Amino acid sequence: MRGRRGADQFQEASRSRCCEGYAYDPPVSGLPLEGVRVVDLTTVVSGPYSTLLLADFGADVVKVEAPEGDLARDLGPRVNAGMAAVFLNCNRGKRSVVLDLREPEARTQLESLLATADVFLTNLRPDALDGLGLEPGATVARHPRLVYCSVSGYGLRGQDRNRPAYDIGAFWARSGLSVQLADSEGVPLNARGGIGDHISALAALSGLLAAVLEQRHTGRGRVVEVSLLRTGTYVLGWDLSLQETLGKVAKAESRLANQTPLMNSYRASDGRWFFFTGLEANRHIDKVYRAIGREDLHDDPRFADAGALRRHREEVIALLDAVIAEHPLDYWAARFDREGVWWAPAQGPADVLADPQLAATDGLLPDPRAADLKGGRQVNGPVSFSDMPVGPAAPTPALGEHTDEVLTELT
């Protein structure tokens, strides 16, 4: 069994670090969460991605699904064993158990499963949880050691607690992000799918791991609450803080009028884009002029320092546009690197997947069960641990693949 061992199996050496019989079960596989059991009652992306990372870290994640399965199993093209790509990449390393929670027997089985768990994570709406008898406070009262993590659109309280939400609504639109990232015509950004979900998953991970650390010391659980709205406002915290303290904040600017021309995008002659990343213009300006072969700009008061660049930004950007457009990006890359210019290519998905730096940092995992995928890889999580080898992606479970196995463990 991969799950948490009983208290009678905990090692004596670790007992002094906890209290009243609860002890940390030291990892035996090199994975930091080995011995932690997580019950996952989630769907689509925000919740499943949180528990994916827990599984990557070594936890035994038991994914509870309705008989029809997680909605994400059918969300988009099916690429492996009948699974959609989004499901495949959010659920590796988990065990799937089918429980029809509309039935009393299944709810009893879930309660038995929660009694063995360290963490329960769900992204069902509060009204759905109430209807299943899984209201957070009452659930922790029944299972005092349980860390209960709720990931929702708008939180567990307030008039909109039950409002339906995907990240485009709660994370992007209502938080202010889409307006602050509007184009020059004022059209709010319509963001790529799943970005807010992934960021919210990291927020949930940080909160529940803090609660698990407390659990190891006190033997007590608690409710951890994360919402897409709160995560979105946290991400926009710089602008919201300026609005709160100054009463106003600038909107996003056209690249042709960017107040910091050395923190701007430019296009080379081959059509490829890149960004200068010289936030401290006075520190970087000489290197840029040498790289583009225009040291003469030092003598032009419009280009002399950071203040001048800001005041004459439209002229500066127009000149840089014209110079950069004379050569392909590979030409500029060599010159930028030689002169120590801070810059980065603006890459598309295919470029990112071929980036040797991403490969060097284990950003992609080989997927032995994804033979019909073009690349046969999955995107890794953002965290690495020392002395932990990165192997192939763990299998993503078929619907109900582990039902009998897990329920047998409860008897």
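1. Let me start with a pair of charged side chains: Asp70 and Lys63 form a salt bridge, with N and O 3.0 Å apart. The term stands for a side-chain nitrogen of Lys or Arg within 4 Å of a carboxyl oxygen of Asp or Glu. Asp70 is buried, and Lys63 is buried as well. Here buried means under 20% relative accessible area, exposed means over 50%, and partly exposed lies in between (1.4 Å probe, protein chains only).

2. A word on the basis of these notes. This is a predicted model, in which local features need pLDDT of at least 70 and side-chain atom pairs count only at pLDDT 80 or more, while totals for chains, interfaces and linings use all residues. Residues are numbered from 1 along each chain as its sequence is written, and side-chain values use heavy atoms, with hydrogens and water left out.

3. Now the overall picture. The protein has 17 helices and 13 strands, taken as DSSP runs (H or I, at least four residues, for helices; E, at least two, for strands) and numbered from the N terminus. Its C-alpha trace spans about 80 × 45 × 45 Å along the principal axes. Of the 411 residues in the protein, 43% are buried. Take the contacts between residues at least 6 apart in sequence: 68% of them join residues at least 24 apart. Contact means heavy atoms within 4.5 Å.

4. Back to the charges. The whole structure holds 28 salt bridges. In one of them, the side chains of Arg95 and Asp60 meet at 2.9 Å, N to O. Arg95 belongs to strand S5 (residues 95-98) and Asp60 to strand S2 (residues 60-65), so this pair ties together parts that are 35 residues apart in sequence. Both partners, Arg95 and Asp60, are buried.

5. Because Glu409 sits in helix H17 (residues 403-409) and Arg95 in strand S5, the pair ties together parts that are 314 residues apart in sequence. How exposed is Glu409? Glu409 is partly exposed, at a relative accessible area of 26%, whereas Arg95 is buried, at 4%.

6. Which residues are linked with Glu409 and Arg95 in a network of salt bridges? The network also takes in Arg37, Asp60 and Glu405. Arg37 is part of strand S1 (residues 37-41) and is buried, with a relative accessible area of 0%. Its side chain makes a polar contact with the side chain of Glu409, at 2.8 Å. A polar contact is a pair of N or O atoms within 3.5 Å; within protein, one must be able to donate a hydrogen and the other to accept it, and residues adjacent in sequence count only if both atoms are side-chain atoms.

7. Why does helix H1 (residues 46-56) count as largely enclosed by the rest of the structure? Because 10 of its 11 residues are buried. Among the buried residues of H1 are Ser46, Pro48, Tyr49 and Leu52. The cover over the buried residues of H1 includes S1, S2, strand S6 (119-122), strand S7 (147-152) and helix H8 (195-218). After H1 comes Gly58, with a positive phi near 110°.

8. Two residues other than glycine are worth a look for their backbone angles. Val44 has a positive phi, near 65°, and is found in the loop between S1 and H1. Asp387 also has a positive phi, near 60°, and lies in the loop between strand S13 (377-379) and H17. Val44 is buried, at 14% relative accessible area, while Asp387 counts as exposed, at 79%.

9. Finally, Pro77, in the loop between S2 and strand S3 (78-80). Pro77 is exposed, with a relative accessible area of 65%. What does Pro77 contact, leaving aside its neighbours within four places in sequence? Its partners are Met83, Ala84 and Ala85. Arg272 is 195 residues from Pro77 along the chain, and the C-alpha atoms of the two are separated by 30 Å.
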